[in-house]
Structure formats: C-alpha cells, structure tokens
Amino acid sequence: MEIFKTMKLDDYPKTYNNVVKNSATANFDRRTIVFATLAHAVEPGSVVTSTGTLYTSGTDALLCLSYAEAGSDVPVIVADRLIYVYPEAIRAVMGSATNAALAALTANGNIRLTSDDVVIAE
C-alpha cells in the first residue's frame, strides 16, 4: 500500500489517454508514421521532427502518442488533427524544449491545448 502514496505521473508508463484530452473524431486524431531512422526512443508526449530526431526548435514537430524504440523503419503513432492535448504531459517529457514544441504543434490549429489545471487556494 505504501507504494501508491508516493506515485506520481512520471512513475508509471504513460498512455495515449495521458496526452490526449479529447478529439472531434477518432478517424483523424492520429496517424502512424514509419520513420526510416528514429534516433531516440520515444513515449507518449515526446515531440520529434519528421526525420525522426528529437525536437529542439523550429516548425517541424510531431507529437508522439505511442512508445517506440530507436531504430530503422520504426512505426510511431502521432497526433494528426482535430485533437486536444494536455500540455503538462508534453512538459513532463520535453523539459526545456517544451514551450517551442507547444508553439510548433499548435501553429496550424490542428492540435489544440487544454487549459492547465488550476489550483484553487482554500
């Protein structure tokens, strides 16, 4: 029982549902891309470029919704369009590149962010 008292979001494997809040239709919210070379292992919330490298800056950004090991010809499920995502899930994975990644992901309006959770003081 003691283990459950200390668990945090980062202490267990993330899933699609930890990243995606809502989508208009399941037909368009995700797609699979096969990367010729995936440079690093990814998890839901990771942001990569179309060449399979981890995102650091720029406009080329894809939001990963599945786990994948680095390698050749690697399929990864990524966010497509008509989807709302939790920014804190991306923040937990991307660290210092978070703000640039969020800006790149939401630039064309296909991916939208939910509001951050607000803590109300009592």
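1. The model is predicted: local features need pLDDT of at least 70, side-chain atom pairs count only at pLDDT 80 or more, and totals for chains, interfaces and linings use all residues. Residues are numbered from 1 along each chain as its sequence is written, and side-chain values use heavy atoms, without hydrogens or water.

2. The largest nonpolar core holds 19 residues, with Val47, Leu63 and Ile90 making the most contacts inside it. A core here is a set of buried Ala, Val, Leu, Ile, Met, Phe, Trp, Tyr and Cys residues joined through side-chain atoms within 4.5 Å. Buried means under 20% relative accessible area, exposed over 50%, partly exposed in between (1.4 Å probe, protein chains only). β6 (83-85), α3 (87-94) and α4 each supply at least two residues of this core. α4 gives the most, with four. Helices (H or I, at least four residues) and strands (E, at least two) are DSSP runs, numbered from the N terminus.

3. Apart from this core lies another, of eleven residues, including Ile33, Leu62, Val76 and Val78.

4. Val47 touches Leu54, Tyr55, Ala61, Leu62, Leu63, Ile90, Met94, Ala101 and Leu105, not counting residues up to four places away in sequence. Contact means heavy atoms within 4.5 Å.

5. Leu82 sits in the loop between β5 (71-79) and β6. Leu82 is partly exposed, at 42% relative accessible area. Leu82 and Ile111 are 29 residues apart in sequence, yet 6.3 Å apart in space, C-alpha to C-alpha.
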